[in-house]
Each structure stands twice: as structure tokens, then as C-alpha cells.
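Hello,

Here is the structure I promised to pass on. My notes on the fold and on one helix pair follow below.

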Amino acid sequence: MFQIKQNLFLYLTPRQKSQLLSFLKSFVKKHSNLGVDDILDKFIEEENYYADINNPHFEFILEYLENEDFFRDFKLFAKSIFEELKYKELQKPMIEAKKAKEKELRKKAQDYKMSKMKPTKKQLFYYEKVAKAHGVPMKNTTNASRLDLRDWIMEIIDPKEEDSADD
């Protein structure tokens, strides 16, 4: 992608080129359901419309809208964006798996940290209230950790359905 950007729109200043490429990238992504030629036609049509109402996106590009070099560069850039989108789509399952694994590791780290900490007064009070409200006998909390209390509270609030496993 970097090599392609270097060789496109050489007739523009670096600032103009940067603005145009940024806009074109989002424009191509927005209209990715169309073909490259259709996207080019849509871009030219849109720029001509904005030029007609005296509010062009890029004044510097108006003189190049009929230029073959511009068409060639646009098509090359659009094709590279399509390749990039295809590559990202192929990477999506691996990225999702990586995110899930990282989430699991963060949860394990949090559980480990909670297992080493003493419960707060609020947590003890909440456990006591929940146990009384559900009519569950309280467990001994003298040596319990925050993790233990969290698990006990969750057992009371969301009991596992053991009856459904027997059916």
C-alpha cells in the first residue's frame, strides 16, 4: 500500500495528495459494494456537482477530472483499497480469536488479584442481605476473599440449573 501511494498523483503537492488519498480511502470504503469504474464515475459526478454549486471538496482536483493519469491513479488506488479490505476480512477471525483470548487472560488476572484481596465491607453487607433475602444459609466469611464472595453471591443470584441436566 505504501509503495502504491508513493507512485500515485505525482502531479499534486504532498498536502493535496494526503487530503485526496484520505478522502478517497473513505469514499471507496463507503461505496465498496460498487465496482472501481462505478466508484470513479460516482466520484467525478459528485465533484462536478459540488463544483457547480461553488463548494468543491478539492478545488485543485477540478482540472484533473478529465485527465487520463487521474483516472489511472484513481483506479489503482481503489483496487489497492479493495485488496486491503479483503485482507482485513481474511484477518478478522484471527483478530477475534486474539481478542477473546486476551479477554480471558484479563479475567483470569482479575480473578487472581481478587483471590488475594480481603472482601470489602460493602461486599460482606451485600452478601449478607442477598443470603437472607433468598433464604440461603451464609458461609463463613472470616478467611474468604473478594473472589469467594463474588462467586457466592453469583451462586445465590444466578443458581445453576441442575434440574435441567437430569431431564
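**Overall fold**

From the N terminus on, the elements of the protein run α-α-α-α-α-α-α. That is 7 helices and 0 strands. Please keep in mind that this is a predicted model.

What radius of gyration does the protein have? The value is 30 Å, whereas a compact globule of 167 residues would have one near 15 Å. The C-alpha trace spans about 80 × 40 × 35 Å along its principal axes. Buried residues account for 26% of the 167 residues. Now the contacts in the protein with a separation of 6 or more: 62% of them come from residues 24 or more positions apart.

**Helices α2 and α4**

One packing pair is worth a look on screen. Helix α2 covers residues 14–30, and helix α4 covers residues 68–115. They pack at an angle of about 55°. Their axes lie 10 Å apart. That angle makes α2 oblique to α4. The crossing of α2 past α4 is right-handed.

Which residues meet there? From α2 come Leu-20, Leu-21, Leu-24, Lys-25, Val-28 and Lys-29. From α4 come Phe-70, Phe-74, Phe-77, Ala-78, Ile-81, Phe-82, Glu-84, Leu-85 and Lys-88. By class, this contact has 11 nonpolar residues and 4 charged ones, with no polar residues. Among the charged residues are Lys-25 and Lys-29 in α2, and Glu-84 and Lys-88 in α4.

Best wishes

Definitions and conventions:
Residues are numbered from 1 along each chain as its sequence is written. This is a predicted model: local features need pLDDT of at least 70, side-chain atom pairs count only at pLDDT 80 or more; totals for chains, interfaces and linings use all residues. Side-chain values use heavy atoms; hydrogens and water are left out. Axes are lines fitted to C-alpha atoms, for helices over the stretch in contact, and angles run from 0 to 180 degrees between N-to-C directions. Helices (H or I, at least four residues) and strands (E, at least two) are DSSP runs, numbered from the N terminus. Angles under 35 degrees count as roughly parallel, over 145 as roughly antiparallel, 65 to 115 as roughly perpendicular and the rest as oblique. A crossing is left-handed if the near helix is turned anticlockwise from the far one by less than a right angle, and right-handed if clockwise. Contact means heavy atoms within 4.5 Å. The radius of gyration is taken over C-alpha atoms; the globule rule is 2.2 Å times the number of residues to the power 0.38. Buried means under 20% relative accessible area, exposed over 50%, partly exposed in between (1.4 Å probe, protein chains only).
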